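Keep the structure open while you read.

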Amino acid sequence: DIGYVYRAIMPPRTKSCFTIHTAYTGSFTVLLFQPVSYSRTTEATVNLPMSGISMQPDLVGGLTLSGQIRNIRNTTIESTRAIAAFYNNKGKVTGCEVAFANTGNSNNTLFPNQTGTFAIEASISPASVANYILQSDYE
């Protein structure tokens, strides 16, 4: 069984969605987590600016969160992606989704000062979303 966090680098005191993959097919009554492992880095992470954000219902009852993401670093970045966490009116996470940026380049690469687009598709009802947090990530 494995799990992973959607962000490659997480600054202290930040949150991010995660996914757990397991071969177990029964039902869970309790899920226990082992201590988190991590390693320190001196690499600075930059939250890439996003603009033109729009949330629209799709044709099958879900939603699409779309916009633009820009590389403000002085270096080329790869695997550029947008990560969304959706919350209901009680502050509970109702969904997490990720989408790679459409950059027109291989490996979802953004060159310095280049802008790409993203479209996060979520199979949750737009009416159930009271708030969302949008984060960027890259490698």
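Which residue in E6 is the bridge partner of Tyr87? That partner is Val93.

## Ground rules

This is a predicted model, where local features need pLDDT of at least 70 and side-chain atom pairs count only at pLDDT 80 or more, while totals for chains, interfaces and linings use all residues. Residues are numbered from 1 along each chain as its sequence is written, and side-chain values use heavy atoms, with hydrogens and water left out.

## Strand E5 and its partners

Helices (H or I, at least four residues) and strands (E, at least two) are DSSP runs, numbered from the N terminus. Strands count as paired if DSSP finds at least two bridges between them. E5 runs antiparallel to E6 (residues 93-100), with seven bridges joining them. Five residues sit between these strands in the hairpin, and there Gly91 takes a positive phi near 85°. E5 also pairs with E8 (residues 131-137), again in the antiparallel sense and over seven bridges.

E5 is mostly covered, with seven of its seven residues buried (buried is under 20% relative accessible area, exposed over 50%, partly exposed in between, using a 1.4 Å probe and protein chains only). Arg81, Ile83, Ala85 and Tyr87 point one way from the strand, and Ala82, Ala84 and Phe86 point the other way.

## The aromatic pair

Phe86 stands opposite Tyr132 in E8. Their rings form a tilted aromatic pair, 6.5 Å centre to centre with 55° between the planes. For the rule, rings of Phe, Tyr and Trp (its six-membered ring) pair if their centres lie within 6.5 Å; planes under 30 degrees apart are stacked, over 60 edge-to-face, and the rest tilted. By that rule the count comes to one aromatic pair. Phe86 lies in E5 and Tyr132 in E8, so the pair ties together parts that are 46 residues apart in sequence. Phe86 counts as buried because its relative accessibility is 0%, whereas Tyr132, at 28%, counts as partly exposed.

## The core

A nonpolar core is a set of buried Ala, Val, Leu, Ile, Met, Phe, Trp, Tyr and Cys residues joined through side-chain atoms within 4.5 Å. The largest one has 18 residues, and Phe86, Ile120 and Leu134 touch the most other members. Strands E4 (63-70), E5 (81-87) and E7 (115-122) each give two or more residues to this core.

## A buried loop residue

Leu110 lies in the loop between E6 and E7. At 0% relative accessibility, Leu110 counts as buried. Its C-alpha atom is separated by 7.7 Å from that of Arg70, 40 residues apart along the chain.
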